Amino acid sequence: MKSKIRYCYHNTSALADQIAELDYIPNSVGYAEDAVTWPFNPPFTTDPFYRIYLPLTGSFKLSTLDEDKIISHGSIYLVPSGQPLRFTGVTPCTHYWCHFYSERLGHMLHAPAIREIRLKSRNKYAKMFLRLLKLLDHTPSLIETMTMRNILGEIIALFLSYELTNTDITHTNDDTASRVAKFFEENFSSRISISELCRSFNMSESNFYKSFKARYGVSPRKFLSQTRLNAARKLLVTCKQKTAGQIADMCGFDNLPLFYRSFKKEFGSTPQTFRRQKY
């Protein structure tokens, strides 16, 4: 008798592999009804976790150093970790929210910006958040913990799938440019020699510059400078007790006049003016 195969699944999706390797740890899930203020979040608070918002009614404004984003019903939002945020009520807003930690997610997203996805049906995701709330209403069992991770993973996959569909950038963790960019982001406060980096990766400087610029659109030196300037901009808001000179030193600038010129060229104002505008 001849065998029949009714269906067969073969994983050919790069996204599925990335989700399988992704680290994400739920921190908290909640439901806010007619919220107009955020008493536990002072202006420009900085937290180490990602945020997901699913508004049901009303709206609020979420401000970063780069943009003001209206969070309103009809969409779901992903807010990256580690950047200063400020919450302002617009209209009484009822929404679900979720905070979670992840180290690898930042390397899979193209840029640290707030992401918005318009939803055809909000009910599906509202039910997922309600399920998460019920699972966290008590100490979850092992099976419930796995269920909770699966639900959160499905929501995160929505954003990653949208990212891959709407950008032509291929994210790889193994190429030289991405490894150097990660090194810059983790060591920007140190003195860094591009020539020594090229030797350590066994590449000529000309080939390295070409591959890096093809990947990120700027030279390695410009990328490093922008990384340092972005770090300084955050610290000017979050570290009020530090002077601009101290912050420049913390971010790897050993030439204070160069720091002032670079900051003004990049952001259109001096560090002191920028700080005054944010308070």
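Begin by selecting Glu266 and Lys222, whose side chains form a salt bridge with the closest N and O atoms 3.5 Å apart. Glu266 belongs to helix 10 (residues 256–267) and Lys222 to helix 8 (residues 220–238), so the contact ties together parts that are 44 residues apart in sequence. Both ends are partly exposed: Glu266 has a relative accessible area of 31%, and Lys222 one of 34%. Please note that the model on screen is predicted.

The structure holds five salt bridges. For another of them, select Lys124 and Glu154, where the N to O distance is 3.5 Å. This pair links distant parts of the chain, with Lys124 in helix 3 (residues 123–135) and Glu154 in helix 4 (residues 142–166), 30 residues apart. Lys124 is partly exposed at 43% relative accessibility, and Glu154 is likewise partly exposed, at 39%.

Next, select Glu116 and Lys69, a salt bridge in which the closest N and O atoms are 3.0 Å apart. Here Glu116 lies in strand 6 (residues 115–118) and Lys69 in strand 3, so the pair joins parts that are 47 residues apart in sequence. Glu116 is partly exposed, at 26% relative accessible area, whereas Lys69 counts as buried, at 18%.

How many of the 14 residues of strand 2 (residues 50–63) are buried? The number is 12, so strand 2 is largely enclosed by the rest of the structure.

Colour the pairing partners of strand 2 one at a time:

- Strand 5 (residues 86–101) pairs with strand 2 in the antiparallel sense over 12 bridges; Leu62 stands opposite Phe87 of strand 5.
- Strand 4 (residues 75–79) runs antiparallel to strand 2 and is joined to it by three bridges; the partner of Ile52 in strand 4 is Leu78.
- Strand 3 (residues 68–72) is also antiparallel to strand 2, with five bridges between them; Ser63 faces Asp68 of strand 3. A hairpin of four residues connects strand 2 to strand 3.

Finish with the cysteines. Select Cys251, then Cys239: the latter holds the cysteine sulfur closest to that of Cys251, at 9.1 Å, which is too far for a bond. A search of the whole structure finds zero disulfides. Is Cys251 buried or exposed? Cys251 counts as buried because its relative accessibility is 0%.

Terms used:
Residues numbered from 1 in each chain as written. Predicted model: local features only at pLDDT ≥ 70, side-chain atom pairs only at ≥ 80, totals over all residues. Heavy atoms only, no water. Disulfide = S-S within 2.5 Å. Buried < 20%, exposed > 50% of the residue type's maximum accessible area, 1.4 Å probe, protein only. Helix = DSSP H or I, 4+ residues; strand = E, 2+ residues; numbered from the N terminus. Pairing = 2+ DSSP bridges. Salt bridge = Lys/Arg side-chain N within 4 Å of Asp/Glu carboxyl O.
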